[in-house]
Amino acid sequence: MPPPLTVLTWNIGRLHLGRHVNRVFRFDSRAHDKALHHVARVIDESEAHVVVLQELASRDQLQQILGLLGDGWDGGMGPDAGGDR
């Protein structure tokens with residue numbers, strides 16, 4: 001029997017107080033660059049085969065995480081949907 005496939009899915013965003021409240025206070029609940037080292041460390045320690053992240057603020061953040069993880073990782077993001085996520 002083949003070994004099991006391990007999947008990690010994670011919403012790495014911060015506290016979301018609701019769209020109206022976040023807009024009034026100009027609070028962006030998406031992941032902050034300061035958290036990316038922690039995210040990469042948790043991914044590495046999880047030994048997951050597939051990782052799905054939600055609430056990345058930009059494609060640059062994905063590239064930063066991939067750089068921190070090193071060789072053996074590949075990643076991608078879908079096309080921009082016109083929203084803020």
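Glu 55 lies in the loop between E2 and H3, where helices (H or I, at least four residues) and strands (E, at least two) are DSSP runs numbered from the N terminus. The phi of Glu 55 is positive, about 75°, although Glu 55 is not a glycine. At 22% relative accessibility, Glu 55 counts as partly exposed; buried means under 20% relative accessible area, exposed over 50%, and partly exposed in between, with a 1.4 Å probe and protein chains only. The model is predicted, so that local features need pLDDT of at least 70 and side-chain atom pairs count only at pLDDT 80 or more, whereas totals for chains, interfaces and linings use all residues. Residues are numbered from 1 along each chain as its sequence is written, and side-chain values use heavy atoms, with hydrogens and water left out.

The secondary structure of the protein comes to three helices and two strands. Along the sequence these elements follow the pattern β-α-α-β-α. Of the 85 residues in the protein, 20% are buried. The accessible surface comes to about 6,500 Å², and carbon and sulfur atoms account for 54% of that surface; accessible areas come from the Shrake-Rupley method with a 1.4 Å probe, and for residues only the protein chains shown count as cover. Among contacts (heavy atoms within 4.5 Å) between residues at least 6 apart in sequence, 63% join residues at least 24 apart.

Helix H2 comprises residues 36-46. The buried residues of H2 are Leu 36, Val 39, Ala 40 and Ile 43. These residues cover an arc of only 95° around the axis, which puts them on the same side of H2; the arc is that of the directions from the helix axis to the C-beta atoms. The buried residues of H2 pack against E1, E2 and H3. The face of H2 turned away from its buried side carries the exposed residues His 37 and Glu 45. For His 37, the relative accessible area is 56%.

Helix H3 covers residues 59-69, and its buried residues are Gln 61, Leu 62, Ile 65, Leu 66 and Leu 69. Seen down the axis of H3, the buried residues fall within an arc of 140°, so they line one face of the helix. Their packing partners are helix H2 and strand E2 (50-54).

Nonpolar side chains tend to be buried together in soluble globular proteins. In this model the largest nonpolar core has 13 residues, of which Ile 12, Val 39, Ile 43, Leu 56, Ile 65 and Leu 69 touch the most other members. A nonpolar core is here a set of buried Ala, Val, Leu, Ile, Met, Phe, Trp, Tyr and Cys residues joined through side-chain atoms within 4.5 Å. At least two residues of this core are supplied by each of H2 and H3. With residues up to four places away in sequence not counted, Ile 43 touches Leu 8, Ala 48, Val 51, Leu 53, Ile 65, Leu 69 and Trp 73.

Most residues other than glycine have a negative phi, and most peptide bonds are trans. Glu 47, which follows H2, has a positive phi near 55° and is not a glycine. Glu 47 is found in the loop between H2 and E2, and its relative accessible area of 65% makes it exposed. H3 is followed by Gly 70, whose phi is positive, near 85°. Gly 13 is found in the loop between E1 and helix H1 (19-24) and is partly exposed, with a relative accessible area of 23%. The C-alpha atoms of Gly 13 and Ala 31 are separated by 4.3 Å, although the two residues are 18 apart along the chain.

Leu 5 is found in the segment before strand E1 (7-11) and counts as exposed at 61% relative accessibility.
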